[in-house]
Amino acid sequence: MSSANSDKFGPPKRFQDTSESVWVEYVALALKHKPKVNLGQGFPDYAPPHYVTEALSEVSHGNHLLNQYTRGFGHPRLVQAIAKLYSHLIGREINPNTEVLVTVGAYQSLYSAITGHVDDGDEVIIIEPFYDCYYDQIKSAGGVVRSIALKPTKSGVLSAADWKLDPVEFEKLFNEKTKAIILNTPHNPLGKVFKLDELEMIADLCKKWNVLVISDEVYEHMVFEPAKHIRINTLPGMWERTITIGSAGKTFSVTGWKLGWSYGPANLLRNLQLVHQNAVYTCATPLQEATAMAFEFELTRLNSSESFFKSLAVELTDKRDYMAKFLTETGFQVTLPEAGYFMIADWSHNADKVDLSSESDEFKDYRFTKWMTKNISLQGIPPSAFYTKPNKHLGENYIRFCYIKNDETLHDAAKILKDWYSK
Ligand code: PMP
Ligand code: GLN
């Protein structure tokens, strides 16, 4: 009899890339080297709003049935709250029972949307840099990835808005095999907020070729003036072909809760429910109840400056500006984000200050970021992780930093870079 570690137990062929994801690798890197300042994986290092954690605490002392299973496609109180919020935001009545699905983070919404809609040989368009899991989720569903890169349209001081799609190249990706496109606005890692004309171009091609849009909008409530987040599902003829994804982790600064949702027309949501009912069945009830309470509270003050969605964006604008300043002062060339909590910076002007020969990774940004963690105790993320293999060189001169951090943490990062730069 063959042993259990024979080839029979290797990863299935559809897992084309069996290397560790950047998150697995860089969380391990941080655990090993304990950098003084970790601006890598995206999460706040300060407390979520008090009423959010209070809600969870209240739930744990309340009705004991909230410790038991709840409705599979979403806890009734939460789907009601989600439907109410988005009905208001998109100006269309959303049915909480058939048009909302609660999932384990935005990850599982992406997984359910992709697995639920992509068949063998279906083509799915992604826009580079892209949130890394899209690629492997499409591949493991049997889909074919077609990609196009956003490129800076000028040099020097850049805004995320300067990173654009070439409309001619973009149109060439569409054909009768195109099943879906994954859009991410506001965008990770650029912080780009797609403008109306850009969304219209995408929408027109999706309507022309009968293509589904999976719209990852997890940073929807962190948009900085004067940028405006436009939901592609509000464009004419687009509700019918769009699944939109959100995340409680991002919305309420509780990434560890891993609670997300999809909303869209019932016929499209149905395929996600089919994946969900046998893979996960239902998400954690206490977290759903507490998230519902948080949404209900925000619904009472949506238009006031007290709204967490507004105050967080203001707070992040200051952090963004502070980071852009200290990065620029230390030789990095930043792309100023319009939203979200990540900033990419070109480090190539500092290349002569580092000896990367101690690092063996194929891509320069991996070598640079690992060098930084080990030698100056500051961690970032290598953006080539957000590109397909042939395009990874487009990310190699950059590093991604997360700025949803205490001011003290950001000061420490600035000090580390200033000390290094002045040597
Ligand atoms: N999409 C994007 C663009 C993200 O940055 C993330 C990370 N939050 C996710 C999806 C996954 O979100 P979650 O943690 O809710 O699974
Ligand atoms: N979305 C977060 C980021 O981009 C965290 C990702 C993760 O840990 N999988 O940093």
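Glu169 is partly exposed, with a relative accessible area of 38%. In this predicted model, its side chain meets that of Lys172 in a salt bridge, at 3.0 Å from N to O. Both residues belong to helix 6, residues 167–172, and they stand 3 residues apart, about one turn of the helix. Lys172, for its part, is exposed, since its relative accessible area is 54%.

Let me place that pair among the others. Side chains of opposite charge can pair when their charged atoms come close. How many salt bridges does the rule count here? The count comes to 22.

One of them joins Lys179 to Asp122, with the closest N and O atoms 2.9 Å apart. Asp122 is buried, because its relative accessible area is 15% and the cut-off for buried is under 20%.

A further pair is Lys418 with Glu329, whose side chains meet at 3.3 Å, N to O. Lys418 is partly exposed, with a relative accessible area of 38%. Glu329 is likewise partly exposed, at 36%. Finally on this topic, Glu25, Asp361 and Lys370 are linked in a network of salt bridges.

I turn now to the domains. The domain assignment divides the protein chain into domain 1, made of 13–47 together with 307–422, and domain 2, which covers 50–299. The contact takes 39 residues from domain 1 and 42 residues from domain 2. Taken over C-alpha atoms, the centres of domain 1 and domain 2 are separated by 24 Å.

The size of an interface is often given as the accessible area lost when the parts come together. How much area do domain 1 and domain 2 bury between them? The figure is about 3,400 Å², and 59% of it is on carbon and sulfur atoms. On the side of domain 1, the residues that lose the most area to domain 2 are Phe309, Glu338 and Phe386, which together account for 24% of what that side buries.

Across the interface of domain 1 and domain 2, the rule finds 1 salt bridge. The count of residue pairs in polar contact between the two domains is 16, where both residues have pLDDT 80 or more.

Which elements supply the side of domain 1 that touches domain 2? Helix 1, helix 11 (308–329), strand 12 (333–336), strand 13 (342–346) and strand 15 (398–402) each give at least two residues. Helix 11 provides the largest share, 7 residues.

There is also a record to set beside this division. The UniProt annotation, from an unreviewed entry, reads "domain: Aminotransferase class I/classII large" and covers residues 35–415. In the model, the end C-alpha atoms of residues 35–415 lie 14 Å apart, and this span is 38% helix and 16% strand.

I close with the backbone. Most residues other than glycine have a negative phi, and most peptide bonds are trans. Where does the model depart from that pattern? One place is the peptide bond from Glu128 to Pro129, which is cis, with omega near -5°. Pro129 sits in the loop between strand 3 (123–128) and helix 5 (133–140). Another cis peptide bond joins Glu225 and Pro226, with omega about 5°. Pro226 is found in the loop between strand 9 (212–216) and strand 10 (242–247).

As for phi, Lys34 has a positive value, near 45°. Lys34 lies in the loop between helix 1 (22–33) and strand 1 (37–38), and it is exposed, with a relative accessible area of 62%. Ser377 also has a positive phi, near 60°. Ser377 lies in the loop between helix 12 (364–376) and strand 14 (378–379), and it is partly exposed, at 23% relative accessible area.

Conventions:
Residues are numbered from 1 along each chain as its sequence is written. Chains are lettered from A and ligands numbered from 1 in the order in which they are written. This is a predicted model: local features need pLDDT of at least 70, side-chain atom pairs count only at pLDDT 80 or more; totals for chains, interfaces and linings use all residues. Side-chain values use heavy atoms; hydrogens and water are left out. Helices (H or I, at least four residues) and strands (E, at least two) are DSSP runs, numbered from the N terminus. Buried means under 20% relative accessible area, exposed over 50%, partly exposed in between (1.4 Å probe, protein chains only). UniProt positions are given in the numbering used here, feature names are shortened, and annotations may be inferred rather than shown by experiment. Domain bounds come from an automatic or database domain assignment. Contact means heavy atoms within 4.5 Å. Buried area is the accessible area (1.4 Å probe) that two parts lose on being put together, summed over both. A salt bridge is a side-chain nitrogen of Lys or Arg within 4 Å of a carboxyl oxygen of Asp or Glu. A polar contact is a pair of N or O atoms within 3.5 Å; within protein, one must be able to donate a hydrogen and the other to accept it, and residues adjacent in sequence count only if both atoms are side-chain atoms.
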